[in-house]
Amino acid sequence: MPGEQQRGPVGWGASLLSRLTARLEHRRREVEAEVKVAEHRNDPPPVTALPAVENGLASYPARPTSPTEAVPWSLRVTAELMWRLLIVGAGVYVLFRVVQTLRVVALAFVAAMLISALLQPTVAWLRRHGVPRGLAAAMTFIGGLIGIGLVGWFVGWQVTTNLNEVTGKVQNGISQIRTWLTHGPMHLTDKQINGFAGQLSKAIGTNSDQITSFGFSTVGIVIEILTGVFLAAFCTFFLIYDGERIWGWLLRLFPPSARRGMAGAGPRAWSTLTAYVRGTVLVAFIDSVSIGIGIYLLGVPLALPISVLIFLGAFVPLVGALVTGTIAVLIGLVTNGVFTAAMVLVVLLAVQQIEGHLLQPLILGRAVRVHPIAVVLSVTIGSIVGGIGGAVVAVPLVAVTNTTVGYLKTRQHVDEDVRAALVAAEAAAAEHHQGREELRDQPTQT
């Protein structure tokens, strides 16, 4: 009948919908159970209940079948954590030993990366204006060398021009110190001062062999510096000329599963390094100009060379400008007296406070997210491992590592979410496909 024909498809559709709903509910419960198992996978084993008492006697459990079952769970977790930490520590120690052995090559390459981060925007600007890649890299590289050469010539010219004046003022300062020692609160006699000078001369004569060996070691240091400068210049040119191909070659060294993550982390790390170098150059320039104007107004000789030295020292964050600025304090002390030296020290401290509380947050901003404690610790460790070069490259390495690790962690969480969504979509598709198969297998009702 017509009424039965209408009730037949409606009842069949309702039964199919109820079956699909039941299957989806069953699948949801299975997924929730799997999630609960995964969440409690690393939980400690349940605590064994107290022995039951039967007929006044306690029935104790049997002895553990293996010694590991008798070890407390917290001790097992601690042991697992410690041996992994020992392996990581051994790997870091071996890495530090390799870097210390090859410190000239390592520091030269890191310095080349810092210089390339500073010069790469110029190369990109020239290429956008139609200059070929090789010519743009050569022009930028040669321009950088000319700039460094002009700065070195200017510093040498200033030192040789003012050397006689500084020497005379140093002699006058030494005479004033001698007068202060004899007529000041110490009341030393000329005989005592001459005795101290004689002991100093005797110490120099006694340790002449050590001084000579220091001279030979200084020659070796100079050779290492020249080698490092040549390697840094060589690597800098090829980084700004063929940096993209070098990065592509490095990506191929990673396993296929890690290439996509590293391909995303690399540009972000390079952006952090570029922001750090630009900001540091600007902060160093402001420090050197401010301190140079201050010591020039105080009448300290060699104000311009000292400013250049402070500019170079400011590449070590927080402490570099202050350490190199002590040279200005000493020159002010021996040339103009204690008051001038104290005023130079006040200028240094004031500029340092402005740098730490105003320049660093405003110029670097959120591009380089490194806490001051991490900066101080990294500078200290870098100076211990690699000397002055290690102190210079420590903070950018920490900043780049922080950016890379943060991106990879974020990507891992996103990948997990995407994987869970894909699993859920595959399960829904399978349920839908199974429902369609059951629908097709149903007999046609008439």
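## Aromatic contacts

Phe 234 and Phe 238 both belong to helix α7, where they sit 4 residues apart, about one turn of the helix. In this predicted model, the two rings form a tilted aromatic pair, with 4.9 Å from centre to centre and 55 degrees between the planes. Phe 234 has a relative accessible area of 47% and is partly exposed; Phe 238, at 36%, is also partly exposed.

The structure holds 5 aromatic pairs. In another of them, the ring centres of Phe 141 and Phe 237 are 5.6 Å apart and the planes meet at 70 degrees, so this pair is edge-to-face. Phe 141 is in helix α5 (residues 133-183) and Phe 237 in helix α7 (residues 208-253), so the pair ties together parts 96 residues apart in sequence. Phe 141 counts as buried because its relative accessibility is 17%, under the 20% limit, whereas Phe 237, at 23%, counts as partly exposed. Phe 141, Phe 234, Phe 237, Phe 238 and Tyr 241 form one aromatic cluster.

## Nonpolar cores

The largest nonpolar core has 17 residues, of which Ile 291, Ile 295, Ile 306 and Val 344 touch the most other members. Helices α8 (256-297), α9 (303-313), α10 (320-336) and α11 (338-364) each give two or more residues to this core. A second, separate core of 14 residues includes Leu 114, Leu 273, Val 379 and Ala 399.

Beyond residues up to four places away in sequence, Ile 295 touches Val 300, Ala 303, Ile 306, Ala 328 and Val 344.

## Nonpolar surface patch

Val 88, Val 92, Leu 95, Phe 96, Val 99, Ile 373, Leu 377 and Ile 381 make a nonpolar surface patch of about 710 Å². Helices α3 (73-101) and α12 (372-441) each supply at least two of its residues, and α3 gives the most, with 5. Val 92, in helix α3, counts as partly exposed at 38% relative accessibility.

Notes
Residues are numbered from 1 along each chain as its sequence is written. This is a predicted model: local features need pLDDT of at least 70, side-chain atom pairs count only at pLDDT 80 or more; totals for chains, interfaces and linings use all residues. Side-chain values use heavy atoms; hydrogens and water are left out. A nonpolar core is a set of buried Ala, Val, Leu, Ile, Met, Phe, Trp, Tyr and Cys residues joined through side-chain atoms within 4.5 Å. Buried means under 20% relative accessible area, exposed over 50%, partly exposed in between (1.4 Å probe, protein chains only). Contact means heavy atoms within 4.5 Å. Patches are made of residues with over 30% relative accessible area and no salt bridge: like charges are joined within 9 Å, nonpolar side chains (Val, Leu, Ile, Met, Phe, Trp, Tyr) within 5 Å. Accessible areas come from the Shrake-Rupley method with a 1.4 Å probe; for residues, only the protein chains shown count as cover. A salt bridge is a side-chain nitrogen of Lys or Arg within 4 Å of a carboxyl oxygen of Asp or Glu. Rings of Phe, Tyr and Trp (its six-membered ring) pair if their centres lie within 6.5 Å; planes under 30 degrees apart count as stacked, over 60 as edge-to-face and the rest as tilted.
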